[in-house]
Amino acid sequence: MTLGLINANPIVREKKERITRPDVHLHEAVDPLEIYDILLYIELNHDDAVIFDFRSIDIVRDIRDPEHPYSLEQLSVLSEESITVDEKLGRILITFTPTIQHCSMATVIGLCLRVKLKDCFPPHFKVDIKVAPGSHADEEAVNKQLNDKERIVAAIENPNLRQLVDECLYSSEL
Amino acid sequence: MPLLEEEALKLSEVQRLEGHTDRVWGLAWNPATGADGVPAILASCSGDKTVRIWQQRSPSSISFDCKAVLEEKHDRTVRSCGWSPSGKQLATASFDATTAIWEEHGSDFECVSTLEGHENEVKSVSWDASGSLLATCSRDKCVWIWEVLPGNEFDCVSVLTGHTQDVKMVQWHPTVDVLFSCSYDNTIKVWAEDGDTDDWRCVQTLSESNSGHTSTVWALSFNVTGDKMVTCSDDLTIKVWGVDIIRLQSGDINASWCHLCTMPGYHDRTIFSVHWSREGIIATGAADDAIRLFGESEDHSADGPSYKLLLKKEKAHAMDINSVQWSPTGSMLLASASDDGTIKIWKLESMQ
């Protein structure tokens with residue numbers, strides 16, 4: 001089955017000027033802006049059209065020529081306001097806005113966020129990832145899958161999915 | 001049951017077992033050990049793809065040493081393990097879609113059989129009370145029942161469909177061959193063999209409409225007599241259910257379970273594990289790193305039993321707790337397994 005790009009015409013914003021912030025150190029307080037800086041370098045290559053049934057983590061890939069390698073910041077998926085940290089409870093909440101209502105990439109974005117953030121803060125911190133309220137047709141179902149620890153671990157162990165995530169993360173470091 | 005009176009209880013950490021190099025998902029006490037001079041044995045399984053066997057140094061000491069590491073079998077996380085009632089075999093369920101059966105030969109454990117069939121990650125494995133049936137469940141939404149035959153043959157007798165999502169755990173009833181499963185679809189299903197057709201089928205579904213859970217049900221556990229069951233969920237509650245045990249044990253597969261009690265407000269993150277001790281204490285392990293103990297309250301209403309929080313052990317581990325298991329021998333030992341890669345052994349005592 002061939003697919004067109006899921007989101008052929010994303011709205012692309014200007015990149016904000018990068019402010020250099022100090023590296024995140026595990027023992028210092030967790031600053032939401034530092035987390036934001038780590039995350040905004042993730043790029044989504046829309047060259048891979050991904051069919052994503054968000055009720056399961058099976059994926060089918062159809063590889064195309066690169067077309068829209070934009071960062072999450074440029075696609076307005078994340079902004080500085082997306083991250084809240086409760087230092088006392090040790091909780092981090094990340095809210096992102098998938099580019100279109102039916103974006104099946106939501107679960108992939110969620111996995112990318114988790115892999116990118118792994119080891120970035122002390123181990124007792126809990127990370128919850130949700131789509132911004134009203135930003136997705138099946139918000140509750142997507143949020144459930146984004147936060148099922150067992151499903152996340154199994155997905156990251158799945159070599160196909162892991163490769164996709166690594167490509168998203170690696171390409172942003174070029 | 002003296003411990004349930006208004007005495008203060010304490011849960012003391014006896015030992016911390018290290019060795020796994022990734023999160024520890026599951027625990028199982030060997031039911032044939034821990035009493036009559038036989039040192040207790042505990043199995044643990046991990047994201048590091050191995051299973052570790054821990055043995056009590058001597059029947060009188062509460063120190064455990066790692067006796068064996070079962071490795072180079074599973075290719076992915078080992079999610080769950082369970083001993084046969086005789087204690088002679090250990091089943092291990094893995095994200096590699098297989099279930100392995102192990103036996104101790106001399107000082108080593110050998111894999112004597114591999115059960116294949118699930119389409120993807122196996123989440124849980126359970127032996128029935130007689131040791132002649134084994135159940136497994138998976139993200140493929142199915143529950144498989146296997147018959148244990150001589151010569152380490154395991155034949156699939158039924159593939160049960162019905163859950164609409166990932167099945168998280170299976171557990172046989174402690175006295176009758178009725179199987180329970182709980183799922184990401186928020187329900188608990190009860191499966192029994194139809195006497196007329198010899199087919200296994202779903203005889204009851206406990207869903208939101210019967211006062212059931214409103215999010216993923218992660219685990220279930222029976223009390224010692226099997227007339228009550230406790231379930232825990234991502235909806236932050238634990239629920240107690242009851243059945244007419246006489247009816248159930250007489251072979252009536254339609255003996256139905258009804259909701260007795262819900263305990264909201266005690267947990268603020270997902271409850272991954274719940275286990276009912278032989279003495280009647282319910283232990284929970286949750287994603288807030290705490291262990292909680294509940295017991296039946298003296299002042300129950302006319303509507304049925306009620307339960308109260310006996311103890312909360314905050315920061316029991318440095319990270320999420322994935323499993324809590326009482327030792328089966330009345331020694332008041334509780335084992336807990338965590339994302340922090342460690343297992344802890346706790347002793348429950350009254351403060352007096």
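**Notebook: a predicted model of chains A and B**

I began at the start of helix α4(A), where a side-chain oxygen of Asp148(A) comes to within 3.1 Å of the backbone nitrogen of Glu150(A). A reminder to myself before going on: this is a predicted model.

**Entry on α4(A).** Next I looked up how much of this helix is covered. Seven of the nine residues of α4(A) are buried, so the helix is largely enclosed by the rest of the structure. I wrote down the buried ones: Lys149(A), Glu150(A), Arg151(A), Ile152(A), Val153(A), Ala154(A) and Ala155(A).

**Entry on α3(A).** I then moved to helix α3 of chain A, residues 139-146, and found Val142(A), Asn143(A), Gln145(A) and Leu146(A) buried. Why do they sit on the same side of α3(A)? They span an arc of only 165 degrees around the axis, and this places them on one side of the helix. As a general point, an α-helix has 3.6 residues a turn, so residues three or four places apart point the same way. I also checked what lies over the buried residues of α3(A): the cover includes β6 (91-96), α2 (106-117), β7 (126-131) and α4 (149-157) of chain A.

**Entry on chain A as a whole.** Stepping back, I counted five helices and seven strands in chain A. Along the sequence they follow the pattern α-β-β-β-β-β-β-α-β-α-α-α. Of the 174 residues in chain A, 49% are buried. I also looked at contacts in chain A between residues at least 6 apart in sequence, and 71% of these join residues at least 24 apart.

**Entry on the interface.** The area buried between the two chains is about 2,000 Å², with carbon and sulfur atoms giving 42% of that. Within the area that chain B buries against chain A, Arg139(B), Tyr184(B) and Arg269(B) supply 32%, more than any other three residues.

I looked for charge next and found 12 salt bridges across the interface of chain B and chain A. Polar contacts across this interface come to 18 residue pairs, both residues being at pLDDT 80 or more.

**Entry on salt bridges.** Over all chains, the search finds 28 salt bridges. The closest N and O atoms of Arg269(B) and Asp128(A) are 3.0 Å apart. Is Arg269(B) buried or exposed? At 14% relative accessibility, Arg269(B) counts as buried.

Inside chain B, I found Glu104(B) in a salt bridge with Lys67(B), their closest N and O atoms being 2.7 Å apart. Glu104(B) is in strand β8 (residues 99-105) and Lys67(B) in strand β5 (residues 64-70), so this pair ties together parts that are 37 residues apart in sequence. Both ends are partly exposed: Glu104(B) has a relative accessible area of 34%, and Lys67(B) comes out at 29%.

I also noted Lys312(B) with Glu314(B), where the closest N and O atoms are 3.1 Å apart. Lys312(B) is partly exposed at 42% relative accessible area, whereas Glu314(B) is exposed at 52%. Elsewhere, salt bridges with shared partners link Asp148(A), Glu150(A), Arg151(A), Arg79(B), Lys123(B), Asp166(B) and Lys168(B) into one network. Asp148(A) is the residue I began with, at the start of α4(A).

**Entry on Ser138(B).** I looked up Ser138(B) in strand β11 (residues 133-138) of chain B. Ser138(B) is buried, with a relative accessible area of 0%. Its side chain makes a polar contact with the side chain of Asn120(B), at 3.1 Å. Beyond residues up to four places away in sequence, Ser138(B) touches His118(B), Asn120(B), Glu121(B), Val122(B), Lys123(B), Asp166(B) and Val167(B).

**Entry on Gln204(B).** My last stop was Gln204(B), in strand β17 (residues 200-206) of chain B. Gln204(B) is buried too, at a relative accessible area of 15%, since the cut-off is under 20%. Which backbone nitrogen does its side chain reach? I found that of Trp257(B), at 2.8 Å.

How values were computed. Residues are numbered from 1 along each chain as its sequence is written. Chains are lettered from A and ligands numbered from 1 in the order in which they are written. This is a predicted model: local features need pLDDT of at least 70, side-chain atom pairs count only at pLDDT 80 or more; totals for chains, interfaces and linings use all residues. Side-chain values use heavy atoms; hydrogens and water are left out. Buried means under 20% relative accessible area, exposed over 50%, partly exposed in between (1.4 Å probe, protein chains only). Helices (H or I, at least four residues) and strands (E, at least two) are DSSP runs, numbered from the N terminus. The arc is that of the directions from the helix axis to the C-beta atoms. Contact means heavy atoms within 4.5 Å. A polar contact is a pair of N or O atoms within 3.5 Å; within protein, one must be able to donate a hydrogen and the other to accept it, and residues adjacent in sequence count only if both atoms are side-chain atoms. Buried area is the accessible area (1.4 Å probe) that two parts lose on being put together, summed over both. A salt bridge is a side-chain nitrogen of Lys or Arg within 4 Å of a carboxyl oxygen of Asp or Glu.
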